[in-house]
Amino acid sequence: MTGSGGVPTRGLLPILIPGLLAPLAAFAAIATGMRWPLPVLETIAVYPSFAFFVTRGRRAAAVGATLLWAFGLAATVIFAAARDPVRVGAAVPRGPEYRDEMFSYVATGHGQETEPSRFLPRHALDLALFVALSLITGGLLGLVMGGVLVGYMSYYVGSLAAGGAPLRAALLGWPPWAILRVVAFVLIGVVAARPLLARLARRNVPSTGDRRLLVAAAVLLVLDVALKTALAAEWAAILRPCLPPAP
């Protein structure tokens, strides 16, 4: 069975599933009012597809499925937080704390986002922790961590969208350098998960292709730092009209 352009729809469906499950998992987690269900349910939504593709050497499918999942999670949290920031904040790990930090940056144009000496160590620590977790758990805890990072970033964007310029906040609240970082982490996660998953599945999954993913990830991470260093202060000015009025 093929869709338009001759693309096999049965082959596409497993790639789409995590993106379709992500909103359901997010809404279910938000309904609990607790913080731990969001990363747990979101990981359940993506990990089976992720592991399936990685153990079969289908790197592009693993990357595509994980990026669709991240998009589904981000869009859902943004939508929900724009409608009810208080309720959603109770369900997003580190959500309110990160929102306050980012609101201060948007209001002043200064903060960790504009100072490489402060954000580079944090980026390096996040990357090292993500790689270690992905290597020792076959990507499982790496995806948990990724769900937490995407969740609190999206909560900040949704809270921003609850203010004076919701469309601008929804479209620009995720700056381009942060999007590049998410893509880079996904590429690295696929490579780091392969050795353990292949061993557990008793499958011979060649490392061919890992180098290309790692090179692409390195380029994206360099662009992330360069764009953030060059544009973070200006980006704050673009987002400033989105800030909700002070209570």
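## Aromatic pairs

The structure holds 7 aromatic pairs. Rings of Phe, Tyr and Trp (its six-membered ring) pair if their centres lie within 6.5 Å; planes under 30 degrees apart count as stacked, over 60 as edge-to-face and the rest as tilted. One of the pairs joins Y98 and Y152. This pair is tilted, with 4.7 Å centre to centre and 50° between the planes. Y98 sits in helix α5 (residues 95-108) and Y152 in helix α7 (residues 140-161), so the pair links distant parts of the chain, 54 residues apart. Helices here (H or I, at least four residues) are DSSP runs, numbered from the N terminus.

This is a predicted model: local features need pLDDT of at least 70, side-chain atom pairs count only at pLDDT 80 or more, and totals for chains, interfaces and linings use all residues. Residues are numbered from 1 along each chain as its sequence is written, and side-chain values use heavy atoms, with hydrogens and water left out.

Y98 lies in helix α5 and Y156 in helix α7, so the pair ties together parts 58 residues apart in sequence.

Y98, F103, Y152 and Y156 form one aromatic cluster.

## Charges over rings

A charge sits over a ring if NZ of Lys or CZ of Arg is within 6 Å of the ring centre and within 35 degrees of the ring normal. R94 lies over the face of Y152, at 4.9 Å from the ring centre. K228 lies over the face of F119, at 4.5 Å from the ring centre.

Conventions. Helices (H or I, at least four residues) and strands (E, at least two) are DSSP runs, numbered from the N terminus.
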